[in-house]
Amino acid sequence: MTFPGPVWLAVQRELLSQEADGEVPTCFDRYDDETLFKLFHLSRPCITFIADTVRSRLQNSALKKAQLSVDEMVKVSLSYYAHGHSTMTDPRRPGFNETAIVGTVSGVISGMSDVFISFPQTSEARTHVALKVEKLSGIPSVLGVLAPAHFKTTLHPYEQEFRSFVNAQGYTSVVSQFICDSDGNIMSVEKCCAGGTFEQEMWDSSFKGKEMVEDLHGPFWLIGGNGYHLSKHVLTPVSNPRNDNEVRFNEAHERMLHVMQTTLTSMKRRFKCLMQLGFAQGGALDKQSIIIKACSVLHNIAKKFSVPLPPENGFTEEMYPGRQHSVPVEINPEALKARQELIDGHFSVVSSSWDPFDRKNAEHV
C-alpha cells in the first residue's frame, strides 16, 4: 500500500473515538447494511468515515448555505457517484439543489487527495512498492503504472472544440493522468484535458513528470503504454520483439498495464457517474476534474476498508491504444540501452520465482 502510516492510523483513531463517544444518529441508520451497499456501493464503516471526514473539513458557511446536514449532503453525493444521478433527490425541500450539493461535497473530497492519494516519499517506501511490482511482474525498479484515464463526455458536434475531445477510440471524452501501484491504489491523479490530448504531452507538463525528470523519486521507472516515449523514468514495451527475452518482457509489461485496466474498471463499476461526466466545454473542465479526483479519493478509501465491488455488469475498461504523433520520435539511446540491459538481466530465462503464466500471480490483482 502506498498510503503513509498516519493515514490508516487516523482511520483507526476516528473509528475508535466514535466507539468511545457512542454512536450519533445519522440519516444512514434507516438502511440495513445490504440496502446501504446497493444504494452507495460502500460499506457502513466506510460511509461513516467519509461523512466524518467531510464534516471536519466542510466550512460552516457552506453548511448554512446548503441548509442540509453534512450526512444528508454526503448521502446525496454518494448516491450520485454510485449511480450517475442521485436517488435521494427531494426538489420540494427548501435549500435542495443536487448540483450544488454534489459540487460542494466533491470539492471537499477532492481536497482530501493530499492525504489519501500519495506517492511513496521515502527511499524505504519506494523500495517496498518496487519489490511488490517485481513480485507481480518480474520487472525491477518500477513504482507503478502510468496511463491516461478517459471518461466519456457530451459535446454538441457544432462546438468549436468538438474535435479536440475525440480520443483515439473515436468517442468524446476528458482525460486525466493516473498512476497506480501494483495493488491498484491510486498514487497520483493530474490534469483534466480534452480527450484528444496526447498522453506524452500531459506527462511532460505534469507535476509528477517534472519530479521524475528531476530525479526526486530516485532511479525508478513507471510502466507506460505505447502513447508514451521510452525515457529514463518511463518504461515502454518493445515495439517489435525480436527474441524470447523481449517477448517475456512485453508479457510482464502487459501484466502491469492490466493492473491499471483493472483499477479503472473497478472505479467505473463502483462509481457509475464516471461512465458519463455530462457536457464539457474546452475552457471549463473544473467540474469533471473535481468529480474524477473525488472518486479517486473514494476508491482508495474503499480499498482501505476492503469494500467489495458491486456485482459485475459486463463492463470492462478497454486498454487505451495510445495517441501517437504521425512523425516518428527519436528514441533516447540511453533509455533504450537501460531497457535492453533490464531485459537481458531479468528476462533471459524464466525465473523460477516468477512465471508469466502462473495463475497465482495472474490473480493477484
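A salt bridge is taken here as a side-chain nitrogen of Lys or Arg within 4 Å of a carboxyl oxygen of Asp or Glu. The structure is a predicted model, in which local features need pLDDT of at least 70, side-chain atom pairs count only at pLDDT 80 or more, and totals for chains, interfaces and linings use all residues. Residues are numbered from 1 along each chain as its sequence is written, and side-chain values use heavy atoms, with hydrogens and water left out. The average pLDDT (the predictor's confidence in each residue, from 0 to 100) is 87, and 84% of the residues score at least 70.

A search of the whole structure returns 10 salt bridges. In one of them, D71 meets R55 at 2.8 Å, N to O. D71 is buried at 9% relative accessible area, while R55 is partly exposed at 37%. Buried means under 20%, exposed over 50% and partly exposed in between (1.4 Å probe, protein chains only). R242 and E246 form another salt bridge, at 3.0 Å between the closest N and O atoms.

Turning to the strands, W221 and I223 on one side of β4 (residues 221-224) and L222 and G224 on the other are all buried. Strands count as paired if DSSP finds at least two bridges between them. Four bridges join β4 to the parallel β1 (residues 142-152), with L146 partnering G224.

Definitions and conventions: Helix = DSSP H or I, 4+ residues; strand = E, 2+ residues; numbered from the N terminus.
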